[in-house]
Amino acid sequence: MNNSVFFGALTVAGLAAGAAAAGTLDDVKARDKLNCGVSTGLVGFSAPNANGEWEGFDIAVCRAVAAAVLGDPSKVEYVPTTGKTRFTALASGEVDVLARNTTWTFSRDVDLKFEFIGVNYYDGQGFMIPKELGVSSAKELDGATVCIQTGTTTELNLADFFRANNISYEPVPIETNAEARQQYLAGACDVYTTDASGLAATRATFDDPSNHVILPEIISKEPLGPLVRHGDNEWGDVVRWTLNALVAAEELGITSANMSEKAAGTDNPEINRLLGSEGNLGEMLGLDADWAQKALAAGGNYGEIFAKTIGEDTPVGLARGLNAQWTDGGLLYAPPFR
Amino acid sequence: MSDISFVRTEMLPPKDPPASEVGVVGWARANLFSGWFNSILTVVSLYFVIKILIGLIGWAWVPTWSATSLPECRVIFEELGRSGHNAGACWGVIAERWPQLLFGFYPNGYEEGTADLRWRPVLAFVLLFVALAPVLFSDKVPAKLIYFTAVYPFLMPWLLWGGTVWTPVSAALGFVLGYVVYKALAQSTSELIGLIVGVVAAFVWWLFVASLFSSALASVVPLALESVESRQFGGFMLSITIGVVAIGLSLPIGIVLALGRQSDLLIVKTLCVGFIEFIRGVPLITLLFVASTLLNIFMPPGTNFDIIMRVFIMVTLFASAYMAEVIRGGLAALPKGQYEGADSLGLNYWQAQRLIIMPQALKISIPGIVSTFIGVFKDTTLVSVIGLFDPLNLTNAIRADADWNGLVWELYGFIALLFFVFCFGMSRYSMYLERKLQTGHR
């Protein structure tokens, strides 16, 4: 029934195969569109709204990169990926950058041949329990039934943690967060464990959030960051420094409100270099001099994006914690723009 | 003899049967309370049915249609004096998201400078029934409508994907070309040579000439719809598109495969058996993963082979293999005499198939065919595993909106209802068709 399109597609495939792959930066510019791999839906991080527009913390990275490279944050083609398809999508060139709350691990970086260009959210695995259980530490969870998503690193972390503390647990395998929520509320498990950001987002949807507590123990390191393919360092630099620009802008006090004022030139040479009124950092990246201005105009600096999508005033309600600037006791530390 | 005889001159009207034997009471006595055991069962079942209904209606009948988030629904429940996680249905999510569940990310005119194009899938859907009418209800619509059915396979992609009108036209011309070549050669040389050269000619046209032809005509007569990328398809529109394509293509391919499997030609038979057994030996999910990930790796970098097109191909191949076996069952059920009868009339192979074998075999296979159709339509939800936004995957995306996080029953209920309408419709049609084609062999 669809022969026309089918053969059309075949023809297109044949023609496209002829074009040799240039650098990703040139590809994106030629296409005038950034292909950004995102999650099919994760509260606060990426979700389509009622009009089909994508919103969230990971989406903000895509928008900033598109703005820096193409000058327009809306020139993004969001490619929804699942946990299973995400790495092939990136490796095969279907997406230029994967911004899908992916944990930076050794094997993904080295063995799968990807390049994590930084960390945009420091997460960690936590536990949520009903308050009436009267447990105040994860070490008291001996014999508990635990709802756990199968086939993820959280499953392995959980086994390690309980073994190290010499206590036992009974896993209740579940597939998705929605299922976990139902099981947990129905009392099928005493404990729900996943990334702390996910726990907070899930707890916020409860009828009575105050009756559930997230235990203080964080049992794993989950540095989530955008990644690109190995071997195209110019493109990796563009994405890395776009993210760094968002972080540095917060540290330097550049917000979307005062940016145009500061872009005219300030007494702080680093701000001037970042915003392009001094030096030629943009040129070195192969972008316009005001690339960072455009990236910042897309959604504001790191702190503004955080507050808008997952911060304490949003339903997700995450505190900055580890994701505060290094000057505030967090881990965010952008290398100097020099 | 006195005059005592009394002869009734008219018949008494028959009395109504006793009230306990007819109507609701009679039916209930016969079916629900025919003995003490059944009576107990009825009462117990009624108790549970009513209990469930009360719970369900109480849950569903709440004024939450205009709520804009789950917390707002909770406020409404509190005003009603209810609490708990399942206090009531939060229908606001359906009110806000039903266009998305139906159309996915199809351009809705929200972004400035874009038009609302959702009338196109709607029109394609309506025209689908017009195109199907001569096939499904051949005795109730004008026979001329069959020409529209022939045009529809080219019209539908144009409506959905847009682009220049000359692409579908040139694709259709490929079929015309192939047929003309076949006709010309079949008369002057042999049928087989005509068939082969005709197919080759059509493929040469599609692969090398068609795109030039359509772009040349497009520059002269720029008649085009705004094009829409496959990535923007979603929701029921995606399910129905995949379902219609797979159903529409799998029946003819399945017939050919079934005939091939029964063929005496060794190569044809081996190919068909190998194909059918291979496809039936792997789960659909595996094929979808192949379409989504493996093909990406095999093809040269930068190749952009439309993901939905890959899914179409995989689902169609999958459905065809099952269809072939269903039709083979129909063929096997025909008595040998039918084949011999066809031979004795001097019909050649294709005439015999067209006039005698297939009409009977297909009629026998109707329940199996429709079951396969329904199965394929429901299997389209599997595309969520490769990141396409079918209705089920959309529920995930909708829950990722902090406003609606945590809603399950409303969304799944809505989707289940729509799927039920389609599948039940197909099932009823197949029963109608069976009755219509009933010629009393049994």
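Which residue does a disulfide join to B:Cys73? The partner is B:Cys90, with 1.8 Å from S to S.

Before going on, a word on the ground rules: this is a predicted model, where local features need pLDDT of at least 70, side-chain atom pairs count only at pLDDT 80 or more, and totals for chains, interfaces and linings use all residues. Residues are numbered from 1 along each chain as its sequence is written, chains are lettered from A and ligands numbered from 1 in the order in which they are written, and side-chain values use heavy atoms, with hydrogens and water left out.

**The disulfides**

A search of the whole structure turns up 3 disulfides over all chains, a disulfide being a pair of cysteine sulfur atoms within 2.5 Å. Here they are side by side.

| Pair | S to S | S-S torsion |
|---|---|---|
| A:Cys36 and A:Cys62 | 1.9 Å | about -65° |
| A:Cys147 and A:Cys189 | 2.0 Å | about -95° |
| B:Cys73 and B:Cys90 | 1.8 Å | 75° |

The link of B:Cys73 and B:Cys90 is right-handed. B:Cys73 sits in helix α3 (residues 70-79) of chain B and B:Cys90 in the loop between α3 and α4 (92-103), so the pair ties together parts 17 residues apart in sequence. Helices (H or I, at least four residues) and strands (E, at least two) are DSSP runs, numbered from the N terminus.

Over in chain A, the torsion of about -65° makes the disulfide of A:Cys36 and A:Cys62 left-handed. A:Cys147 belongs to strand β9 of chain A and A:Cys189 to the loop between α7 (177-185) and β11, 42 residues apart.

Strands pair if DSSP finds at least two bridges between them. Strand β9 (residues 144-149) and β10(A) run parallel over 6 bridges.

**The core**

A:Cys36 turns up again in the largest nonpolar core, which has 163 residues; it is among those touching the most other members, as is B:Phe233. Such a core is a set of buried Ala, Val, Leu, Ile, Met, Phe, Trp, Tyr and Cys residues joined through side-chain atoms within 4.5 Å. Its largest share, 14 residues, comes from helix α12 (residues 307-333) of chain B.

Note on methods: Buried < 20%, exposed > 50% of the residue type's maximum accessible area, 1.4 Å probe, protein only.
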